[in-house]
Amino acid sequence: MGHNSDRDSSGIAVDPKGGLTGSHIEQTSSNLEANIKLEAKLKNPLDGLSRTELLSRVETFCAEKNLTEHLPLFRKGALIAQDPDNYASISGPEALDDEEKAVLLKEVEHKWRLPARLFLTIATCSIGAAVQGWDQTGTNGANIFFPNYYGIGGDTAREKLLVGLINAGPYIGSAFIGCWLSDPINNWIGRRGVIFVSAHFCIWPVIGSAFCHTWPQQLACRLLMGIGMGVKASTVPIYAAENSPASIRGALVMSWQMWTAFGIFLGTAFNLAVFHTSSNVNWRLMLGAPFIPAVPLLLLIYLCPESPRWYMKKGRYPEAWKSMIKLRNHPLQVARDMFYIHSQLEVEHQLLAGSNYAKRFVELFTVPRVRRATLAAFTVMIAQQMCGINIIAFYSTTIFKDSGSSEFQALLSSFGFGLVNWLFAFPAFWTIDTFGRRSLLLFTFPQMMWTLLAAGLFTLLDAGTARTGLVALFVFLFAAFYSPGEGPVPFTYSAEVFPLSHREVGMGFAVATCLFWASVLGITFPFLLDSLSTVGAFGLYAGFNLVAFVAIFLVVPETKQKTLEELDYVFAVKTSKFMSYQCTKALPWFIKRWVFWQRNAKLEPLYEFDRIKEAEKERRAEEERRAKETGTITSTVTGAELDEKTGLSHVNAPNA
């Protein structure tokens with residue numbers, strides 16, 4: 001930094017001119033929430049700038065980035081980005097006309113009225129997600145056929161290990177190679193280029209797997225396929241998040257999981273459809289069919305715009321404008337979003353200047369703000385494996401067959417699982433940004449625990465239709481609770497919690513965590529099923545659900561409807577303080593409110609978002625009341641009066 005910086009009472013280095021400095025965002029004081037001025041800095045880099053200074057920055061920005069033809073729009077957009085709620089009060093040459101006001105109002109009231117190219121982008125990404133799901137169910141059905149063909153269908157430890165290894169092959173390739181290629185190749189060829197390359201890995205090795213004659217050949221094909229799956233899974237959620245407006249980002253990004261569930265459904269349906277073909281052909285068709293959705297992914301990805309954020313990180317601002325204009329309904333929204341992103345990128349470049357891939361990876365565990373995001377993303381990702389969904393997705397046909405079903409009945413039950421898993425993903429489109437990521441997880445994990453335990457216990461009944469039906473019923477209920485909760489949340493959550501500078505490597509680590517533990521699950525479950533039987537294996541995973549529930553309660557903050565940049569503030573809070581708050585404030589409030597039904601129970605906010613908004617409402621209401629009394633609009637509410645009403649320590653607002 002070329003100038004001195006001061007450190008405020010919260011321990012965050014703050015530039016005297018209003019910017020953040022230093023290499024870390026670290027909270028070292030318990031009174032961070034009360035510092036409203038600092039919160040504004042973290043939430044919006046434009047907050048506190050005078051109009052003259054802001055517009056001066058806009059002119060410099062447009063001149064440096066070859067965007068001078070759009071200068072009038074950027075002047076308006078910067079003022080809107082600085083104070084999004086009061087765009088109607090902008091005066092002077094930058095005052096908005098009726099059309100522009102209507103566009104911004106429609107953005108709030110009709111948030112799903114989006115450009116066709118944005119819908120195409122999300123749809124294309126979703127097609128790619130179906131590859132992941134369909135592949136899982138390819139081996140699900142083939143598991144009851146290919147081990148005997150490859151000579152590994154016996155009960156020895158070696159044979160169980162090899163069957164598990166083939167099932168886990170894509171996840172081993174993803175976790176150890178694919179996910180870690182995400183950051184460098186995203187840097188080189190962009191989001192679209194990465195998705196294009198990954199699609200090839202999801203076509204040719206998959207076709208090859210249908211023609212393999214030995215288990216080593218099958219394993220090699222599945223490892224190669226895993227490389228493409230890992231790169232794609234690390235990139236697609238980021239691509240969708242960076243192209244989506246904040247108000248619907250959660251719902252659009254979660255389409256990754258919904259279409260993964262659709263892929264599982266298609267796979268189970270296809271397995272059922274080809275069951276009665278030759279016994280040496282049906283399982284080959286099951287293994288080879290997942291290449292189908294990768295073909296439209298390959299063909300459509302370059303019809304979608306590149307991520308504007310990626311272009312801006314590369315300094316290619318005119319191209320970012322061309323891309324963003326396809327993803328927003330009006331040029332004013334483009335100017336607003338581009339200038340806001342640019343301002344955040346400037347802050348992040350200051351914080352993490354001179355970074356490289358290895359350094360960014362190390363910083364996932366050393367920079368406090370990033371470390372907390374890494375811990376939260378790790379927790380939700382490993383929880384997806386702990387909940388037990390993939391023991392069903394990988395081995396449901398085997399489980400149903402071991403429970404006394406015929407081969408066809410087992411495939412039919414697996415089809416039912418795939419259908420329920422997909423249909424119950426739809427509610428998450430509305431719930432994920434309404435109830436929030438954390439709330440969905442805390443509600444659904446206890447439900448998954450008891451349904452999985454019940455499914456296991458019903459395998460103790462005598463063999464027959466009743467046992468098959470009850471086991472299937474509770475597996476379907478398990479899927480119904482999984483799909484709107486732990487299904488969509490991990491990828492949505494991990495794609496949004498990291499700062500821009502660490503997003504690729506952070507998402508790569510999160511996805512590698514998920515897929516590594518998926519591979520561990522795939523390898524070990526045949527042993528668990530053989531050693532503990534179905535009831536023991538399901539009981540074990542029911543216990544894992546409880547462990548995951550506690551971990552989420554203690555270390556996973558809510559991120560609902562916060563911009564990708566606002567999350568810096570959330571992850572500035574120390575993990576120990578967050579855990580203390582949950583145990584000493586949130587848990588007692590929950591018991592009072594929902595166990596003892598005390599409607600007057602109130603939860604003290606951790607981040608002050610709600611209290612600050614209420615304070616501002618109180619200030620304005622008081623001003624309006626006094627204006628009516630005096631006949632003039634005047635700001636006569638004193639800090640002391642406001643403190644008395646709201647309980648906040650009064651902080652003078654920055655000059656506008």
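Let me begin with how the model was treated. It is a predicted model, in which local features need pLDDT of at least 70 and side-chain atom pairs count only at pLDDT 80 or more, while totals for chains, interfaces and linings use all residues. Residues are numbered from 1 along each chain as its sequence is written, and side-chain values use heavy atoms, with hydrogens and water left out.

On confidence, the protein chain averages a pLDDT of 82, and 86% of the residues score at least 70, pLDDT being the predictor's confidence in each residue, from 0 to 100. Over residues 1-42 the pLDDT is below 50, and beyond near neighbours in sequence this stretch has 100 contacts in the model, where contact means heavy atoms within 4.5 Å. Residues 633-656 also stay under 50 in pLDDT, and for them the model has 43 contacts beyond four places in sequence.

Of the 656 residues in the protein chain, 57% are buried, where buried means under 20% relative accessible area, exposed over 50%, and partly exposed in between, with a 1.4 Å probe and protein chains only. Among contacts between residues at least 6 apart in sequence, 78% join residues at least 24 apart.

Now to the helix pair. Helix α17, residues 357-366, packs against helix α25, residues 503-555, at an angle of about 60°, with the axes 9 Å apart; the axes are lines fitted to C-alpha atoms, for helices over the stretch in contact, and angles run from 0 to 180 degrees between N-to-C directions. The two helices are therefore oblique to each other, given that angles under 35 degrees count as roughly parallel, over 145 as roughly antiparallel, 65 to 115 as roughly perpendicular and the rest as oblique. From α17 the contact is made by Tyr 357, Arg 360, Phe 361, Leu 364 and Phe 365, and from α25 by Val 505, Gly 506 and Phe 509.

Which residues does Ser 182 contact, leaving aside its neighbours within four places in sequence? They are Ser 234, Thr 235 and Glu 504. Ser 182 itself is found in helix α7, residues 157-201, and it counts as buried because its relative accessibility is 0%.

Not counting residues up to four places away in sequence, Ile 144 touches Thr 397, Thr 398, Lys 401 and Glu 407. The C-alpha atoms of Ile 144 and Leu 411 are separated by 9.9 Å, although the two residues are 267 residues apart along the chain.

I will end with two backbone details. Asn 66, in the loop between α2 (51-64) and α3 (71-82), has a phi near 60°, a positive value in a residue other than glycine, and Asn 66 is exposed, with a relative accessible area of 58%. Trp 597, placed in the loop between α27 (575-595) and α28 (609-630), has a positive phi near 55° and is exposed at a relative accessible area of 56%.

Methods: Helices (H or I, at least four residues) and strands (E, at least two) are DSSP runs, numbered from the N terminus.
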